[in-house]
Structure formats: C-alpha cells, structure tokens
Amino acid sequence: MKSDSSTPAAPLRGLGAPLRSSEPVRVAPPPSAAVVLLEEAADLLVVHLDFPAALQTCERAWRSLAKDDAGTSLEVKCSLCVVGIQALAEMNRWQEVLSWVLQYYQVPEKLPPKVLELCVLLYSKMQEPGAVLEVVSAWLQDLDNQGLPEYRALAELHLHRVLLPLGCLSEAEELVVGSAAFSEEERLDLLQAISKARQQQKHQHSGTEEAQKLNQEGSFSHKFLSLMMLLRRLWDSAVSRFFSMPFKKSLLAALILCLLVVRFDPASPSSLPFLYKLAQLFHRIQEAMFSLYRLPIHD
C-alpha cells in the first residue's frame with residue numbers, strides 16, 4: 001500500500017521545536033585573546049617542549065589582559081602563571097620566578113594560592129626557602145586570604161618547607177597558635193614538630209661549639225709543638241756552636257767570667273781547689289751536652 005504523498009512526515013524524535021524565523025541563532029562568544037594564547041603556550045610547553053616560546057606566549061597573553069581585563073577569569077590568569085613558572089624552571093631560570101609573578105600581581109597578598117604553592121615548592125626544592133619567606137608571611141597575614149579554603153594547607157606548607165628549615169621557630173609557633181585554621185589535634189601535632197626541631201637545633205648548636213673548641217685546642221697544641229721544635233733547633237744550634245770552640249777557650253772564657261763576677265785571685269793558693277772543681281764541672285757539662293746532642297729529633 002502506497003503512502004499518501006500529501007501527508008507530512010512525522011518529526012524525528014529528539015529534535016526540538018522548529019525555530020521561528022523571528023528568533024536569532026545563538027552563537028557561543030569567541031574565546032578571548034588571553035585564552036587562545038594560554039592554549040598556545042600550554043601546547044608549546046607540553047607538546048613541543050619549546051620553553052622560551054611558551055614563556056613569551058604567556059607574556060603576550062598578560063599584555064593582552066592589560067587591554068581587556070573585564071571578561072578574563074581568575075583561572076586564566078592563574079593558569080598563565082603556572083605555565084610561565086614551569087617554563088622558567090625548565091630553562092633553569094627558577095630564581096626569576098618570584099619576581100616574574102609579582103610583576104603581574106603587584107603585591108604578594110593578591111597571589112593566587114596555587115601560584116604561591118608552586119613558588120614555595122620550587123624554592124624549597126632548590127634549597128632557597130628564604131627567598132619566599134616575606135612573600136608567604138605577608139600572604140598569610142592578609143585577612144581576606146585567611147578566609148580562603150586553601151589557607152590551612154598553605155600555612156602548613158609554609159611551616160614545614162620554609163620556617164622550620166630556616167630555624168624560625170618562634171614565627172612557627174606564632175603561626176600555629178594564632179591561626180584559627182587548625183584544629184586542636186592539628187595544632188598539637190604542629191607544636192610537637194616545632195619542639196622536635198628546637199631540640200635538634202640545640203643539639204646541632206652544642207655539637208658546633210664542641211667542634212670549635214676541639215679545633216681551638218688542636219690549633220693550640222700544634223702551635224705549642226711548633227714552638228718547642230723551634231726552641232729545640234735553637235738549642236741544638238747553640239750547643240753545636242759551643243762545642244765547635246776549643247775546650248781551652250771555653251775554660252778560659254769561664255775563668256774570665258769568674259774573675260769579673262766573683263773577683264777572686266787565681267794566683268792565690270786558696271783558689272786552686274775552685275779551679276779544679278771548675279774544670280771537672282766543664283768536663284761533665286761537655287759529656288752531658290754530647291749525650292743530649294746525639295738524641296734523635298722527632299719532627
């Protein structure tokens with residue numbers, strides 16, 4: 001049986017009502033220039049691994065934001081910072097990250113939590129937590145930031161990655177005690193970690209003092225031994241010069257000295273025993289000197 005060609009076909013299921021000629025066609029607005037540049041920068045960073053081009057594209061996007069900032073979301077700005085930070089780190093220019101970010105946000109308090117977290121992790125990994133100390137402290141002290149859901153995680157990250165490694169234990173205690181973002185259990189755990197860090201700091205300080213004391217004692221002993229060896233060499237030199245003189249000349253010099261000091265008459269019979277004892281004394285001194293001079297010198 002043939003269908004009647006005059007009968008209209010039934011509408012397909014799932015289609016909406018036919019558009020009226022008076023209704024305008026709704027077209028999605030085109031993405032902003034910043035969004036397009038953001039996608040291009042991410043593609044250069046992840047796919048092409050062209051880090052300088054990715055950084056330049058992020059900077060172009062920020063310049064476009066300065067012209068038309070009304071319709072750009074905070075997520076786009078944060079994403080541009082994330083791509084730029086990653087590009088700088090890949091080029092081993094991590095020292096420039098903080099200044100590069102702050103040139104767009106002007107003050108630390110306005111930094112997005114995600115960007116600040118990346119900065120703390122980066123500088124902590126590169127053993128330079130002191131570079132972000134003032135920035136993070138200013139961000140945490142801002143009243144508007146204290147109401148953000150990311151505040152507690154950032155405060156704890158700041159404590160473990162910045163304050164404790166730098167030995168800022170008093171500042172760490174003030175942060176934990178004065179912040180309402182931590183529960184009682186979390187506060188006790190953090191205070192325990194601070195107490196442990198303080199004990200380690202005291203132990204390291206005492207160990208450093210003992211090492212310095214030992215070094216000073218060792219230096220004094222070395223100087224004392226060097227002085228003794230110098231005196232020994234001077235004594236050996238004096239002894240060698242003394243024994244290089246003839247014995248008779250040495251005895252004559254001693255006799256002249258006695259004449260000048262004691263003032264006795266050598267021609268007197270009472271002076272003969274003294275001269276005899278003086279000669280015996282010189283013989284003993286000479287034998288003792290020879291035995292001492294033959295001793296080995298241990299340098």
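**Cysteines and aromatic pairs**

Cys81 is buried, with a relative accessible area of 0%. This value, like those that follow, comes from a predicted model. Cys78 is buried too, at a relative accessible area of 14%. The cysteine sulfur closest to that of Cys81 belongs to Cys78, and the two atoms lie 6.6 Å apart. A disulfide is a covalent bond between the sulfur atoms of two cysteines. To count as one here, the sulfur atoms must be within 2.5 Å. For Cys78, the 6.6 Å to the sulfur of Cys81 is therefore too far for a bond. The count of disulfides is zero.

Aromatic rings were examined next. A pair of such rings is described by the distance of the centres and the angle of the planes. The model contains five aromatic pairs. One of them joins Trp62 and Tyr105 in an edge-to-face arrangement, with 5.8 Å from centre to centre and 75° between the planes. Trp62 belongs to helix α2 (residues 51–67) and Tyr105 to helix α4 (residues 97–105), so this pair ties together parts that are 43 residues apart in sequence. Trp62 and Tyr105 are both buried.

Trp139 and Tyr151 form a stacked pair, with centres 6.2 Å apart and planes at 20°. Here, too, distant parts of the chain are linked: Trp139 is in helix α6 (residues 133–141) and Tyr151 in helix α8 (residues 151–166), 12 residues apart. Trp139 counts as buried because its relative accessibility is 0%. Tyr151 is buried as well, with a relative accessible area of 4%.

Ring pairs also build a cluster, made up of Trp62, Trp100, Tyr104 and Tyr105.

Note on methods:
Residues numbered from 1 in each chain as written. Predicted model: local features only at pLDDT ≥ 70, side-chain atom pairs only at ≥ 80, totals over all residues. Heavy atoms only, no water. Buried < 20%, exposed > 50% of the residue type's maximum accessible area, 1.4 Å probe, protein only. Phe/Tyr/Trp six-rings, centres within 6.5 Å; stacked < 30°, edge-to-face > 60°. Helix = DSSP H or I, 4+ residues; strand = E, 2+ residues; numbered from the N terminus.
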